[in-house]
Amino acid sequence: WRGREGAPYSTLVPSDEVTINYRHGLPVITLMLPTRSERCQFTVKPVVTTVGAFLQDVQREDKGIERAEVFAADGTKVSDATLMEVLLMNDFKLVINNTAYSVSPPVKDKLSSEHATEMEDIKSLVHRLFVALHLEDHQIRKERELLQKLDHLKGELLPLEQMKARITDSADAKTSRLLWVGLALMSAQGGALAWLTWWVYSWDIMEPVTYFITYGSAMAFYAYFVLTKQDYIYPHAKDRQFLHYFYRKSKKQRFNVERYNKLKDDLAEAEESLRRLRQPLHLRLPIQEISDKD
């Protein structure tokens, strides 16, 4: 057999000098290093390793190798950019210095089917070992981080909570006073109408007056609906007035409502993450799956 320039190689070694076996799904190439006179195994990743990278590993292992090339069975040189996965599909010749090794790779499909069960067992074992060795440390580290985050958020929220409590008390007091003023006005109106009806005028005169007062009240309630897009229900009206006083007081005291709400949301999220972390049944479940189950 001849090389690229047509010069014959000094030695053509049988295929048993270079063997290829599959271990755990990866090809292991065993060959004799010429200057060290010892057999060496090279485990390659066929999907990412190229022929050039494999030859460089061989030359790096034995500094006495001056020439390393790969030829197809018909004598065509195989490019260094060719993936090992493509090379291992057919027979080829490995040339080291002036020695050509005839290589016959085993059938990949057959080997893959034989080692499929073994590979699955190994993956399962590796997963269990990883969980046993790292899950507890990861849980402790994550729990420490969440506790530190909770302390930081609570520290930022404390002055805001105190300011919010003062603003809430002030707004609630104003709202209560407004309700009592409304009750007093309604009582005064009823007393005035009764006094005008029985002591000053007669019912014939006061009846149209009370009609227009009722009609005016209906117009006021309708105007409230037009402006707020809500029916005039006393609890809702009270809450609306409370919020009005609250935001006006917050603006005067420079209380940042948006920042307060953001901190409260972050605190709730951190507490939920800590609760989920401390539940053993949820440790290995993704967040989306836990949320679906909850």
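What are the helix and strand percentages of the chain over residues 209–227, and how many Å apart are the end C-alpha atoms? In this predicted model, local features need pLDDT of at least 70 and side-chain atom pairs count only at pLDDT 80 or more, while totals for chains, interfaces and linings use all residues. Residues are numbered from 1 along each chain as its sequence is written, and side-chain values use heavy atoms, with hydrogens and water left out.

Residues 209–227 are 100% helix and 0% strand, with end C-alpha atoms 27 Å apart; helices (H or I, at least four residues) and strands (E, at least two) are DSSP runs numbered from the N terminus. The span 178–197 is likewise 100% helix and 0% strand, and its end C-alpha atoms lie 28 Å apart. An unreviewed UniProt entry places the feature "transmembrane region" at both spans; such positions follow the numbering used here, feature names are shortened, and annotations may be inferred rather than shown by experiment.

An open sheet is formed by three strands in the order S2-S3-S4, with antiparallel pairing; two strands pair if DSSP finds at least two bridges between them. Strands S2 (19–23) and S4 (38–43) are at the edges with a single partner strand each, so one side of each lacks a neighbour in the sheet. Strand S3 (residues 26–33) is joined to S4 by six bridges, and Ile29 stands opposite Phe42 in S4.

Strand S6 (residues 92–96) pairs with S7 in the antiparallel sense over five bridges, and Phe92 has Val103 in S7 as its bridge partner. Because four of the five residues of S7 (residues 99–103) are buried (under 20% relative accessible area, 1.4 Å probe, protein chains only), strand S7 is largely enclosed by the rest of the structure.

Terms used. Buried means under 20% relative accessible area, exposed over 50%, partly exposed in between (1.4 Å probe, protein chains only).
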